[in-house]
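Colleague: Could you take me through one part of this model in detail? I would like to look at the charged side chains and how they pair.

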Amino acid sequence: MAIMPIEIACSGGISPESLREIVDRANESQSEFAFILLDDASSRDLRQHAYRRVVADEYLNIMQSFRDSLRGFHPFLISFIDSDVDGSRFSNLFGSHRADAGLAVATTA
């Protein structure tokens, strides 16, 4: 059975150690997906766009460009940020996604 990779990017004030623990637990609890925490060097391009407040569609566009610049197979990318997230209709969102593109952003703010 094929294992689907899901890459996790961390930016802002989120502790990479705590996110590493969550990724490890997710991988231990199931075998269909391989959650992979991107290292600091790989996440740098996303981290510079996680301001105090982000607009979900704009940030998802940045995530798409970031993923397009990576070599290899990267079907899913989730970014955890500590910025406030606003949508086109609502503000103060927990997160947003483009499921058909395999992109999601979630905030701890």
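Modeller: Start with a definition: buried means under 20% relative accessible area, exposed means over 50%, and partly exposed lies in between. Keep in mind that this is a predicted model. A search of the whole structure finds four salt bridges.

Take helix 1 (residues 16–29) to begin with. It holds both R25 and E21, four residues apart, about one turn of the helix. Their side chains meet in a salt bridge, at 2.8 Å from N to O. E21 has a relative accessible area of 42%, so this residue is partly exposed. R25 is at 54% relative accessibility, so R25 counts as exposed.

Now move to R53. This residue forms a salt bridge with D84, where the closest N and O atoms are 3.3 Å apart. That pair links distant parts of the chain: R53 is in strand 3 (residues 53–55), D84 is in strand 5 (residues 84–86), and 31 residues separate them. D84 is partly exposed, because its relative accessible area is 23%. R53 is at 46%, so R53 counts as partly exposed.

R53 also meets D86 in a salt bridge, at 2.9 Å from N to O. D86 counts as buried, because its relative accessibility is 14%. Through shared partners, the salt bridges join R53, D84 and D86 into one network.

Notes. Residues numbered from 1 in each chain as written. Predicted model: local features only at pLDDT ≥ 70, side-chain atom pairs only at ≥ 80, totals over all residues. Heavy atoms only, no water. Helix = DSSP H or I, 4+ residues; strand = E, 2+ residues; numbered from the N terminus. Buried < 20%, exposed > 50% of the residue type's maximum accessible area, 1.4 Å probe, protein only.
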